[in-house]
Structure formats: structure tokens, C-alpha cells
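Thanks for coming, everyone. I have one structure to walk through today.

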Amino acid sequence: QVQLVQSGGGLVQPGGSLRLSCTASGSLFSIYAMGWYRQAPGKQRELVAAISSYGNTEYVDSVKGRFTISRDNPKNTVSLQMNSLKPEDTAVYYCNFALNWAILKPGDYWGQGTQVTVSS
């Protein structure tokens, strides 16, 4: 059983920045890909960013150049730095453990979700 605890998020004005973090329990964090998903009201959950066990990254087109995913294996933590935020980035953000890197399908374990609201 893996537990994921998220932190960060909140309310920010357009153009601002936020950082999300997700810390996983257990000792196998470093061998698994991790991902950040988001779900806006009335929309399906979408993959925002993913990072492989080797540090390779993938991003949805809408956040490329603005968001950066990173991982700190000794701390079992994956982070999402979000810059130049737009109102359309407003959503609940979830971290995901053991994402299938080959097909970018989510694993079975999710964080509790963090609200990100971009509004003036």
C-alpha cells in the first residue's frame, strides 16, 4: 500500500506561480514513474506532466514552457512548479504513483487532491 500526501496549491492571480509537492510512503519510489493530473469542473481528469524513473519528462501541450515536473528520490517527492498561470489552469490537481510510462496510463495510487485557483 502506498500513501501519497500532497501539499501546495491555493489561490493565485493570473501570471503568478505555485508549487505542488507530493510525498510517497515506502521504499520503491525511485523505480516508478510519477505523474500530475488535473480535473476541472465538468471535465475529465487529464495528465498534465509525467516523469520517468530516469528523469525523462512529458507535458500536455497547454502547459509546455510554463510547468516543470521534478523528482527528489531520496525524499520520495515529486513536485510541479507552475509558472505563468492562467485561469484555465484552475482545477484540482492529483499526483499519481507508478504511472505506466510506455502508454502514460495512471497507476492505482492517487494523492488526496489539491485545489489550484487562478483568478484576479
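This is a predicted model: local features need pLDDT of at least 70, side-chain atom pairs count only at pLDDT 80 or more; totals for chains, interfaces and linings use all residues.

In numbers, that is 11 strands and 0 helices.

Now the overall dimensions. The C-alpha trace spans about 40 × 25 × 25 Å along its principal axes. What about the radius of gyration? For 120 residues, a compact globule would come out near 14 Å, and the protein chain has 13 Å, so the two agree.

Next, packing and surface. Of the 120 residues, 42% count as buried. Take the contacts with a separation of 6 or more: 57% of them come from residues 24 or more positions apart. The accessible surface of the chain comes to about 6300 Å². Carbon and sulfur atoms hold 48% of that surface.

Charges, quickly. There are 10 positive side chains and 7 negative ones. The centres of those two sets lie 2 Å apart.

A disulfide is a covalent bond between the sulfur atoms of two cysteines. How many does a search of the whole structure find? It finds 1. The partners are C22 and C95, with their sulfur atoms 2.0 Å apart. C22 sits in strand 3, residues 18–24, and C95 sits in strand 9, so the pair ties together parts that are 73 residues apart in sequence.

Which hand does this disulfide have? The torsion about the S-S bond of C22 and C95 is about 50 degrees, so the disulfide is right-handed. And are the two cysteines buried or exposed? The cut-off for buried is under 20% relative accessible area. C22 has 0%, so C22 is buried. C95 also has 0%, so C95 is buried as well.

Now the start of the chain. V2 is in the segment before strand 1, which covers 4–8. Its relative accessibility is 17%, so V2 counts as buried. What is V2 in contact with, leaving aside its neighbours within four places in sequence? The list is A24, S25, F97 and Y109. Then look at V2 and W110. They are 108 residues apart in sequence, yet 8.9 Å apart in space, C-alpha to C-alpha.

Last topic: backbone angles. N76 has a phi near 55 degrees, a positive value in a residue other than glycine. Where is N76? In the loop between strand 7, 67–72, and strand 8, 77–82. With a relative accessible area of 13%, N76 is buried.

The second residue is L104. Phi of L104 is near 50 degrees, again positive in a residue other than glycine. L104 belongs to the loop between strand 9, 91–99, and strand 10, 109–110. The relative accessible area of L104 is 32%, so this residue is partly exposed.

To recap: 11 strands and 0 helices. V2 is buried, and so is N76, whereas L104 is partly exposed. That's it from me.

How values were computed. Residues are numbered from 1 along each chain as its sequence is written. Side-chain values use heavy atoms; hydrogens and water are left out. Helices (H or I, at least four residues) and strands (E, at least two) are DSSP runs, numbered from the N terminus. Buried means under 20% relative accessible area, exposed over 50%, partly exposed in between (1.4 Å probe, protein chains only). A disulfide is a pair of cysteine sulfur atoms within 2.5 Å. The radius of gyration is taken over C-alpha atoms; the globule rule is 2.2 Å times the number of residues to the power 0.38. Contact means heavy atoms within 4.5 Å. Accessible areas come from the Shrake-Rupley method with a 1.4 Å probe; for residues, only the protein chains shown count as cover. Lys and Arg count as positive and Asp and Glu as negative; His and the chain ends are not counted. The place of a charge is taken as NZ of Lys, CZ of Arg, CG of Asp or CD of Glu.
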